Amino acid sequence: MLEVMRLRGDEGVRKMAEEMLKLGEKTREERAEQSTGGMVPSSRSGTFISRALAEATATTLSPNRKVYDGEKKASLPGTRARFEGDPATGDAEVDRAYDAAGEVFELYAQAFNRDSLDGFGMDLVHTVHHRANYNNAFWNGTQMAYGDGDGQLFQTFTELSVIGHEMSHGVVQFSGGLVYEGQSGALNESFADVFGVMTQQRALGQSVYDADWLVGKGILGPNINGVALRSMKAPGTAYSDSLLGQDPQPYHMDLFVNTTSDNGGVHINSGIPNHAFYLFCMYMGGNAWDRPGQIWYKALQEINNPLATFGNWAAQTLDAAIDLHGNGSYEMLMLRRAWKLVGIDV
Ligand code: ASN
Ligand code: ZN
């Protein structure tokens with residue numbers, strides 16, 4: 001997105017995008033340090049248990065949220081705004097981050113028996129109002145941060161699917177990680193999108209057919225021609241705008257984008273595994289966090305390959321489907337079909 005803005009935006013947008021890209025590099029360096037800093041790859045050692053058991057034990061899990069106000073400055077985490085149990089503040093950004101963090105915690109706790117992002121109940125630290133006119137949100141290896149947007153390109157970043165996305169980067173990191181470059185990086189991005197929209201669908205009580213499958217709906221500026229940041233249902237169609245350019249996401253391997261920008265297209269080629277998940281959900285029906293989510297989550301816990309390619313990941317999801325539902329099961333056959341439809345044979 002930022003690369004597109006840098007290339008296609010007007011003078012002001014271009015400068016902003018260049019600044020943001022520089023900041024992004026710094027964040028990625030910090031994030032890389034965090035993920036190699038002797039962190040325990042927690043819940044990958046955990047065994048996989050049934051959903052019924054997960055729900056029974058999950059009742060004891062509860063979040064510890066800490067939302068800070070960045071006061072439009074760069075330093076993190078900022079000043080205390082709303083901690084666990086505090087009443088609503090009236091600051092919409094603070095309260096949306098607090099509520100969304102609760103939804104994300106609940107998804108992982110109740111559907112996946114995971115105690116917070118690291119599996120060991122870590123605090124959920126969020127900073128809102130990060131920097132001035134900041135057009136992004138991120139996980140830096142230890143906490144989440146959200147800009148307010150510049151009001152032109154973006155209006156806010158505290159939107160449920162975006163918050164679910166950022167927090168899920170933490171889950172990927174503590175599950176053994178997927179290196180943020182090329183195909184493994186696009187898988188990291190895709191996992192974040194999948195669990196971001198899943199958070200939203202669960203919070204809204206939506207089945208896979210009710211959902212819009214959009215990431216970041218409503219965060220684009222008022223005059224931008226587009227509906228969201230990304231579409232899992234129809235990658236490449238989320239926006240088409242003179243400032244933002246055209247949504248660059250492919251939905252099939254034939255359209256895979258080879259590029260050195262965006263860490264080798266991590267936010268671009270994620271459209272391919274995103275669409276495979278969407279198609280699989282369409283075959284399964286019901287709720288995304290049931291069969292499809294359980295398979296994706298199990299695959300993440302078991303892949304044990306931070307440099308996984310799309311093919312490796314597809315094979316891991318197939319293994320998970322076989323373990324959970326049996327060889328030759330409907331789930332396994334439909335999953336293979338979904339991957340085939342995006343150009344990946346397993
Ligand atoms: N919002 C971006 C993301 O989570 C920021 C980044 O870290 N690249 O993918
Ligand atoms: Zn991301």
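## Residue classes and basis

Ala, Val, Leu, Ile, Met, Phe, Trp, Tyr, Cys and Pro count as nonpolar, Asp, Glu, Lys and Arg as charged, and the others, Gly among them, as polar. By that scheme, the shell around ligand 1 holds two nonpolar, four polar and four charged residues.

This is a predicted model: local features need pLDDT of at least 70, side-chain atom pairs pLDDT 80 or more, while totals for chains, interfaces and linings use all residues. Residues are numbered from 1 along each chain, chains are lettered from A and ligands numbered from 1 as written, and side-chain values use heavy atoms, without hydrogens or water.

His 169 sits in helix H5 (residues 160-174) and Glu 189 in helix H6 (residues 182-204), so the pair ties together parts 20 residues apart in sequence. Helices are DSSP runs (H or I) of at least four residues.

His 169 and Glu 189 are both buried, meaning under 20% relative accessible area (1.4 Å probe, protein chains only).

## Ligand 1

Polar side-chain atoms reach oxygen atoms of ligand 1 from Tyr 180 at 3.2 Å, from Glu 189 at 2.7 Å and from His 267 at 2.5 Å. The protein buries 89% of the 270 Å² that ligand 1 exposes alone (Shrake-Rupley method, 1.4 Å probe).

Helix H5 gives the most to the shell, three residues.

Conventions:
Helices (H or I, at least four residues) and strands (E, at least two) are DSSP runs, numbered from the N terminus. Buried means under 20% relative accessible area, exposed over 50%, partly exposed in between (1.4 Å probe, protein chains only). A polar contact is a pair of N or O atoms within 3.5 Å; within protein, one must be able to donate a hydrogen and the other to accept it, and residues adjacent in sequence count only if both atoms are side-chain atoms.
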